Amino acid sequence: MKEKTVNIGDVIFEMENVTKKFPGVVALDNIQFNLKAGEVHVLLGENGAGKSTLIKTMTGAHKPTEGTIKVNGEVVHIEDPIHAQELGIGAVYQEFNLVPFLDVAQNVFLGKEPKKNGVIDREYMIKRTKEVLNMVGSDIDPTVMVESLGVASQQMVEIAKALNADSKILILDEPSAVLTEKEINKLFEVIERLVKKGVGVVYISHRLEEINVIADRVTVLRDGQYIETVKVEKNNIDKNELVRLMVGRQLDDFFPKHDVVPGEEILRVENLSTHKLLKNISFSLKQGEILGIGGLVGAGRTELVKAIFGAEPADSGKIVVKGKEVTIRTPKEGILNRIGLAPEDRKLEGLVQILEIDKNINMASLDKVSNGPFINEQKFNSVAADMSEKLKVKTPSLKQLVCNLSGGNQQKVVLSKWLACESEILILDEPTRGIDVGAKVEVYSLMNDLAKAGKAIIMVSSELPELIAMSDRILVMHEGSISGELKKGDYSQEKILKLAAGEA
Amino acid sequence: MENTKLLKLKNNRFFESYKTQISTFIALIILCIILTFLTDKFFTGKNLISVLRQSSINSILAAGMTFVIISGGIDLSVGAIVALSTAIMGDLVVNTGINPFLGMFIALVLGVASGAIQGLIIAKVKIPPFIVTLGGMTIWRGIALEYVDGSNVYGLPDQLKWLGGGDVFGLPAPVLVAMLVYLASWFLLKKTKFGTYTYAIGGNEVAARLSGISIAKVQILIYSFCGLLCGISGILIAGRINATSAVVGTGYELDAIAAVAIGGTSMSGGKGIIWGTLLGALVMGVIRNGLNLMRVSPYYQQIIIGIVIVGAVSIDAIRRNKK
């Protein structure tokens, strides 16, 4: 292909009337999309809106049924991901494509190992890896194993890998989902650096906060259809407008928090400690209360809730449920004490993805619908039907496999599971992670309903607006202990951040 | 658009979920038709009954293997456990002269016990099933060989012989046993907590644990059940050949795994149905029978069976990848 000089602002990638049909489904319907050199173009849309199909069409994983794609003004038919790479299109997916037991340089050059005299030119590999890592402002050692790197560093390696392949078009698929606040800011610096060099970035995100900081233009998709492309002013986006475009209706209130008068104390934790991390954690929880737990990733929030539930039991300390001291060493014992845990990672920990919805709902309470070892199908079905109706799980059938549901619906199945075993203490670890805006509001409403029904809720969250809006009280953790408790009316993002950093 | 999509999903669910099994079934029918034309003897009552009889042992073992594989494991010790239970039973019944029913009971206990020990190690020491049952494979056979000192036992009592060679209304006893095993397996997988937990563990062990399921208990039960079916097979084999030996059953585990794979059960666990395995075992039985009738040499038979295993799973994989 002939080389063309590309200036910042030139359109380097275009999709015209692109349609992608799968048997029975139109995944993309007449999409218009273009990307300019030196811009961050955000793709916004709920789950199922067609964002991933669009990316996969860009990277050659899918071929469009109709429509044209142009790279640098020339019509191309992207054959496969390798061809996309040759055209300068690189992608960093949510799930990294790195080989854990190879070092950074080997990963950056995977499949493109430079040769000198017939053997791999290790020296050049390391030198070049250093260069591309420099481009993203990272000083990772090219010779360390990828496995030993943190998530944020691994992401940098992925970006470096794309740059090494000379990508002019960089697709980032929800890159912030796995990062802490600090790491996200670092990522934004890297993106800005690349954009200044003329790279065009396609950025996929659910988080309006981020779009505010990073976006030049936003293209909204809904149900596979192109809705609109909006040019946005940094730090001054119209969130309500974007949400309206995305969900097709106005959302008056993101956080419809209802106040509930708390009832009796239902859970008390005294001096809970683990050898590894947790240090003398004490707090109490009342019926109808939503207790927020804030803090940075690694502060011990997940460890704490897993200790209470029995998934990773504590080494010392007391757990008191309804005034009685209890022993909780296994999830089974947690469940018997009417505690339910909706884990952070629905895919890995929350649900059996390849099983049906009804089985997942009954999974923790099969005893209740069985006579001895035999399942009573009538009871089994009615529990599944009741719960899914109560929590408004959207599905054509309860025999649908969970993996076919959206993130929001999956979270509802998790909650259904715990309601089916009559849990009274619900622990929600990052309850809205990976869930689109519309479904988030539904999850918040459910939390309200549950609190009203007298359930006590512990919510671990890294999203400050959510934490502030939904909690009746906030505990902030820092390095395994509680660094502060904030009462309603007394919270602010700054206070939480300070406590989380251990500065208060 | 959304609604029609959902409707379509609903109607197709049966075919969608059982696609592999349906195509295995169709393949079986086609295979039978072809063999009917190619040979005079295939489509005769006598031959069809004998296909069923020949397939019964592999079917029974494959049923146990289905549980193991759905739970995300594998059991390489199946053939060895068959040998252990049959050899010790034969020795006790013929040489020591114990009651044949007590002998059969001992065979079942041996099967369950060896399975349970493996399950216990897999669950508690947390070693991959492949390794534990690989070790088991040589240990159980070693014990069997040592116990009978490598010698065979001939001339079993009538009760045992009947189980191998007798029939009820024309149906051979091993076929009846296999039918019972399949009904029981279906019931266990579909209608009991144990079955649901088996799928859950294979589908996502962490999520299963966090749902309060005792993984260890379920795993021990699964391998014990597989061992029980080995014990049953050991008894049937003894009856059929009117002899017992510590060298029977070599490679049976591989036939069982093949039947499970042809039957569409996912080798990574969490997915599969018991009837698929039965179809898989029948496909293998019909092919072997047909090749015998056509006087294909046993060496060629091995090659063909191998091609069928890889071919069947490939077709399935190719179709899935296309989606």
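Modeller: Helices here are DSSP runs of H or I with at least four residues, strands are runs of E with at least two, and both are numbered from the N terminus. This is a predicted model, in which local features need pLDDT of at least 70, side-chain atom pairs count only at pLDDT 80 or more, and totals for chains, interfaces and linings use all residues. Residues are numbered from 1 along each chain as its sequence is written, chains are lettered from A and ligands numbered from 1 in the order in which they are written, and side-chain values use heavy atoms, with hydrogens and water left out.

Biologist: Thanks! Let's start with chain A: what makes helix α9 (residues 301–309) largely enclosed by the rest of the structure?

Modeller: A residue is buried at under 20% relative accessible area, exposed at over 50% and partly exposed in between, using a 1.4 Å probe and protein chains only. Seven of the nine residues of this helix of chain A are buried, so the rest of the structure largely encloses it. Those in α9(A) are Arg301(A), Leu304(A), Val305(A), Lys306(A), Ala307(A), Ile308(A) and Phe309(A).

Biologist: Which residue takes a positive phi just after α9(A)?

Modeller: That is Gly310(A), with a phi of about 100°. Two residues other than glycine are worth a look too. Asn117(A) has a phi near 55°, and its place is in the loop between β7 and β8 (119–120) of chain A. Lys322(A), also not a glycine, has a positive phi of about 50° and lies in the loop between β16 (316–321) and β17 (324–326) of chain A.

Biologist: How do you know whether Asn117(A) is buried or exposed?

Modeller: Its relative accessible area is 77%, which is set against the cut-off of over 50% for exposed. Asn117(A) is therefore exposed. Lys322(A) has 49%, so it is partly exposed.

Biologist: Why is the pair of Phe109(A) and Tyr124(A) called edge-to-face?

Modeller: Rings of Phe, Tyr and Trp (its six-membered ring) pair if their centres lie within 6.5 Å; planes under 30 degrees apart are stacked, over 60 edge-to-face, and the rest tilted. By this rule there are seven aromatic pairs over all chains. The rings of Phe109(A) and Tyr124(A) have centres 6.1 Å apart and planes at 65°, so this pair is edge-to-face. It links distant parts of the chain, 15 residues apart: Phe109(A) is in the loop between α3 (104–108) and β7 (115–116) of chain A, and Tyr124(A) is in helix α4 (residues 122–135) of chain A. Phe109(A) is buried at 5% relative accessibility, while Tyr124(A) is partly exposed at 37%.

Biologist: Over to chain B. Which residues do ring pairs link into a cluster?

Modeller: Phe67(B), Phe194(B) and Phe225(B) form it. Ser185(B), in helix α8 (residues 173–191) of chain B, touches Phe67(B) and Phe225(B) as well as Ala63(B) and Ile274(B), not counting residues up to four places away in sequence. Touching, or contact, means heavy atoms within 4.5 Å.

Biologist: Why is Ser185(B) called buried?

Modeller: Its relative accessible area is 0%, so Ser185(B) counts as buried. In helix α9 (residues 193–203) of chain B, 10 of the 11 residues are buried, so this helix is largely enclosed by the rest of the structure. Phe194(B) and Tyr199(B) are among them.

Biologist: What sits over the ring of Tyr199(B)?

Modeller: The charged end of Lys359(A), 5.0 Å from the ring centre. The rule asks for NZ of Lys or CZ of Arg within 6 Å of the ring centre and within 35 degrees of the ring normal.

Biologist: And why are α7(B) and α11(B) called roughly perpendicular?

Modeller: Axes are lines fitted to C-alpha atoms, for helices over the stretch in contact, with angles from 0 to 180 degrees between N-to-C directions. Under 35 degrees is roughly parallel, over 145 roughly antiparallel, 65 to 115 roughly perpendicular, and the rest oblique. Helix α7 (residues 158–165) and helix α11 (residues 215–241) of chain B pack at about 95°, with their axes 6 Å apart. The two helices are therefore roughly perpendicular to each other. In the contact, α7(B) supplies Leu160(B), Lys161(B), Leu163(B) and Gly164(B), and α11(B) supplies Ile235(B), Leu236(B), Gly239(B) and Arg240(B).
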